[in-house]
Amino acid sequence: MIFEQIPVGQMQNFAYVIGDEKTKEAAVVDPAWELSKILNIAKKHSLKMNKILITHADFDHIEGVKEIFDITNAAVYVHKNGEKDIRNLGIKKIKTIDEGDEIDVGKIKISVLHTPGHKPSCVCFLIGTDKLITGDTLFVEGCGRVDMRGGDIKKQWESLQRLKDMDENIKVYPGHDYGSIQHSTIKHEKENNPFLRCGSFEEFGSVRQS
Ligand SMILES: [Zn+2]
């Protein structure tokens, strides 16, 4: 599997390219800011990007979607709660996704987890069995804020509990480079992430405020 984490832009975003080495099919996750970096990686591996995956429909994650769409004509996969934001970019080739959906990229299976909290459209993508792209649901040693439009602290708590219960060896690939390392594991987050270390919703609420 080809899997590239690509730092882009001034807000320390990460885009990702996932490709099947044999079929050369590929997906790009959250294309934004520095599209030439993303396109060069696709070119380097001779990939055909035919899917655009969105972790959530915030501007800093979808800023480059229209331009990548115009180049690739790839379908945009977004949670149904974010469909309107993609439509507003002038794109009609949208596949809405929800909890439990599977997306194929060549022979690679990607499972969708709906993880609202930061935004209602937040999803995580489990690539195969051991790589989790977490968007702004979970960062290395942090998590997305809930004090903006669509944020919901209770849902975020529930979503983070779900991720905490996953296999500890799963690697965590966040939507921003905000931690001490660029990617980690569920185990690392359980031990080092103040939000995942909380034992109750009440404690979570007070850690959020501090
Ligand atoms: Zn973000």
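**Entry 1: ground rules**

I worked with a predicted model, in which local features need pLDDT of at least 70, side-chain atom pairs count only at pLDDT 80 or more, and totals for chains, interfaces and linings use all residues. Residues are numbered from 1 along each chain as its sequence is written, and side-chain values use heavy atoms, with hydrogens and water left out.

**Entry 2: the sheet that begins with β1**

I started with an open sheet of six strands, ordered β1-β2-β3-β4-β5-β6, whose pairing is mixed. For the names, I took helices (H or I, at least four residues) and strands (E, at least two) as DSSP runs numbered from the N terminus; two strands pair if DSSP finds at least two bridges between them. At the edges I found β1 and β6 (94-97), each pairing on one side only. From one strand to the next, the twist averages 25 degrees; axes here are lines fitted to C-alpha atoms, for helices over the stretch in contact, and angles run from 0 to 180 degrees between N-to-C directions.

Next I walked across the strands. β1 and β2 run antiparallel and are joined by seven bridges. I6 has A15 in β2 as its bridge partner, and I2 stands opposite G19 in β2. The β1-β2 hairpin has four residues between the strands, and G9 there takes a positive phi near 80 degrees.

β2 and β3 are antiparallel too, over four bridges, with G19 partnered by A26 in β3. Their hairpin has five residues between the strands, and K24 has a positive phi near 70 degrees. β3 and β4 run parallel, joined by five bridges; A26 finds its partner M49 in β4.

I also looked up burial, where buried means under 20% relative accessible area, exposed over 50%, and partly exposed in between (1.4 Å probe, protein chains only). Six of the seven residues of β1 are buried, as are four of the five in β3.

**Entry 3: what lies over it**

Which strands does α1 lie across? I found β1, β2, β3 and β4, with α1 running at about 160 degrees to β1. α1 spans residues 35-44, and L35, I38, I41 and A42 are buried in it. Seen down the axis, these buried residues fall within an arc of 125 degrees, so they line one face of the helix; the arc is that of the directions from the helix axis to the C-beta atoms. I noted the reminder that an α-helix has 3.6 residues a turn, so residues three or four places apart point the same way.

The buried residues of α1 are covered by elements including β1 (2-8), β2 (13-19), β3 (25-29), β4 (48-53) and α3 (65-72); contact means heavy atoms within 4.5 Å. Turned away from the buried side, I see the exposed residues K43 and K44. S46 follows α1 and has a positive phi, near 55 degrees. α3 lies across β3, β4 and β5 (75-79), at about 150 degrees to β4.

**Entry 4: the zinc ion**

Which residues hold the zinc ion? Its protein donors are D60 (OD), H61 (NE2), D136 (OD) and H176 (NE2), at 2.1 to 2.4 Å. Donors are N, O and S atoms within 2.8 Å of the metal (3.2 Å for Na, K and Ca), and water is not among the atoms, so sites may look incomplete. Along the chain their spacing is D-H-x74-D-x39-H. Distant parts are linked here: D60 sits in helix α2 (residues 59-62) and D136 in the loop between β10 and α5, 76 residues apart.

The angles among the four donor atoms range from 82 to 172 degrees, and the site is irregular. My cut-offs: four donors count as tetrahedral if all angles lie between 85 and 135 degrees; four count as square planar and six as octahedral if opposite donors are over 155 degrees apart and all others between 65 and 115; anything else is irregular.

Are D60 and D136 buried or exposed? D60 is buried at a relative accessible area of 9%, and D136 is buried at 4%.

**Entry 5**

β8 (residues 108-114) and β9 (residues 123-127) pair antiparallel over five bridges, and H114 has V123 as its partner in β9.

R149 is in the loop between β10 and α5 and is exposed, with a relative accessible area of 73%. I found R149 and K119 7.6 Å apart, C-alpha to C-alpha, though 30 residues separate them in sequence.
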